[in-house]
Amino acid sequence: MMSILEAQHDLPAFRQAIRNWLAEIVPPDWKARMVRASNEEYIAFQRWWMAERSKVGLAIPHWPKEYGGAGLSQRHLVAIADEMARADAPQNRLFTISLIHMPGTLLPHGTEAQKRRYLAGVAKGEVWCQGFSEPNSGSDLASLRTRAVRDGDHYVVNGQKIWSSNSMYADHCLLLTRTDPNAQKHRGITYFIMDMRSPGVEVRPIRQANGRAEFGELFLTDVRIPAENMIGAENNGWRVAQATLASERGVISFEGGERQRYEIEAFYRKSLETGAAWLRDAQLHRDFISFLAEMQAARRLLRRVLEESQTQGASASVLPSIVKLSSTVLRQRICSFMVRIAGVDGQVFALLAEGPFGSPMFDFLSAFSGTIAGGTNEIQRNIVAERGLGMPRI
Amino acid sequence: MVTSVMDRANMLDQATLDALRESVAGVLAEQCGSTELHAFIDGKNGLDKGLWRQAGSLGWLGLGIPEQFGGLGMGAQGLAILHGELGRQCAPGPYIATLSAAQAIVETGGDAICQAWLPLLASGEASAAVPATLDAGSLTRSGAGVSGNVRCLGAADAAFLLAPTADDWVIVDLANAEKTVAPMWDRTRNVVDVRLKDAAPLGILPDAAATRAALTRAMCLAIAADSAGGARSITERTIAYMKTREQFGQPIAGFQALKHRAADLATKLAVADEMVGHAVQRMATDEPDADLWASLAKSEVTEASVFIATDCVQLHGGVGFTWDFDPHVFLKRARLNEVLVMANTALRDQAAAALAAITMSGRSALELE
């Protein structure tokens, strides 16, 4: 198959090329297969999907050309995300950190050697994870205590990390450590790239309330990291970490919003076609249509975040926090509605399901990842109030 | 750069809209500040009349009226900005009734009626009244005349009423009609009870369904924009107050419990603005789902604004319960907005029916651009 990128200068043709490729490549039964898949099968499927995207140039299209990407504009990324959502194509969750956070950190702060070495690995399927949170450093991330002590041309790391998505399968880790325990807490942090195969790295999966185990806990015992793996300067890791966190704002959330749109539309169409009982309840119908109004507002807001992310001064904006607050709570309320109308059937244990909102309890429980991960909604409220509304910090 | 939600060939450019907003906001901030507004509420000035004259001379009243009838032809986009800014200052006057009646006439009045009335409305020479709720009864015909009682939204001296009969909509002269002005909790707008007896219509709009739909859409957008503007304004005023009010030795704005409430209000405001924006976009490009989104904007945003204004009273503490502070003025305006046109439950029922019809026809009501 030819690279879809060849059509990039004509946006409608580019979209059509993606649409054609998706129609050809996405297995119609992929969801059904994933419902029954073991962890190993899921990971193999994710790697297959990455490889297929890579073949047509859609693995890292958003990266600069000099590092193997296509340097595509945001309009193109939006088109890709929209077509993926429309086709209900698989998401590449295994590679989220690899595709978004790692380049978002290395491009502004990495050395040329680091960029050359690590960016190239992602299109080949290297998996990255993030070692930020610790058992005692969640919302108060800057209080982290994992120690890194210089020893010749290495640092020796001891500590514990948690909530590290897909760390069980990762090749590399974006790691925050404390190098100066006597400095003010934001000033003694250093950022490293850690090879997950280093001796002393142990990963234990964390079983989640929704039945899955996507996160790992990292136990680090005398792990030796070469000094050349430091990103930015020693004790300047907090500033580098802001780039990692900021990279989350954007196309991923946009794609999530678009996927929800198609899912809810498919759900509604199916309800009409099957004469679902909830449609006969006027109040449920009103609740549902209110969700649609909020969903349209959320989709417009996600577009605004994308537009804004291309402008100067975007890092000072609290709009991403406002959007996170509104869209994650809306997701939770929509899923809650789905649980309620599913009755006892909806309480029968099931993980992924084929149909739209086919396993509403799974979706409802999974929605907490939106309200808790990436800075809890309570932290977002602080950000909105303090940075956005100018309310004093005390 | 992604395609902006506003970036459409048949929509006005952002610079034009920003300039409009700035100029309307500037005039209202100068003339309709808190002091003037409270004096008006207490019957100590004629703020409503002064603003109306100025609105006429500045072209605000013709924003949605095509240029050939003396307006500026800025459609739903211009109207949403004007109503949003009027809401921000709780500006008194019959704007929602008059400008919405004008839209219904533009869309379904026919040339003669447009020629006769739109220039008068655009200049501010005449104001209009409309039924406060559109699902109430209709006027009855007796020969050439119409009779009945209508509870109207509009000024006591409105020139005419646009109201339905069983078969069509009529324009009725109000100069000699029997009128009772109801005392309202919201003193920034009037509800007038009109009793008509064999009144001769000045004009007839024959397509009842189309006129009803046009008026509903226009009122819904106007009310939603007014509510969103009002909610934003009272939130800003409340947060400013919280930064100055000290208890326990510090500004109350520093307490986390209150910060989180304020952040939630800011989030609701962002959502409300987008709901208005979405309705505007669907109306400006004349999409088949425009009615649906206008109805939902009204029902969602008016409820959000009641929630927000209620919380703003509470966040003020004791002074929030006084006549002299602003929150109650906004809360009362929000409460009237909430019940205009028709109950929000009924609007959602209509929207749900429209959604089902669009979906069953194989189309989507969820397009954004």
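1. In this predicted model, 72% of the contacts in chain B with a separation of 6 or more are between residues 24 or more positions apart. Chain B is built from 11 helices and 10 strands, and buried residues make up 52% of its 369 residues.

2. The radius of gyration of chain B is 21 Å, which agrees with the value near 21 Å that a compact globule of 369 residues would have. Along the principal axes, the C-alpha atoms of chain B fill a box of roughly 75 × 55 × 35 Å.

3. On the contact between the chains: 38 residues of chain B meet 37 residues of chain A. On the chain B side, at least two residues each come from helix 7 (208–244), strand 10 (250–251), helix 8 (256–284), helix 9 (290–316) and helix 11 (344–360). Helix 8 of chain B gives the most, with 13 residues. By class, the side of chain B that touches chain A has 20 nonpolar, 11 polar and seven charged residues.

4. Helix 10 of chain B covers residues 327–339. From first C-alpha to last, these 13 residues reach 19 Å, close to the 18 Å expected at 1.5 Å a residue.

5. Helix 10 of chain B is mostly covered, with 10 of its 13 residues buried. Among the buried residues are B:Phe330 and B:Leu331, but also B:His328, B:Arg333, B:Asn337 and B:Glu338. The covering elements include helix 2 (34–41), helix 7, helix 9 and helix 11 of chain B.

Key: Residues numbered from 1 in each chain as written. Chains lettered and ligands numbered in written order. Predicted model: local features only at pLDDT ≥ 70, side-chain atom pairs only at ≥ 80, totals over all residues. Contact = placed C-beta atoms within 7 Å. Helix = DSSP H or I, 4+ residues; strand = E, 2+ residues; numbered from the N terminus. Nonpolar A, V, L, I, M, F, W, Y, C, P; charged D, E, K, R; others polar. Expected span 1.5 Å × (residues − 1). Buried ≥ 20, exposed ≤ 12 C-beta atoms within 10 Å, placed from the backbone. Rg over C-alpha atoms; globule rule 2.2 N^0.38 Å.
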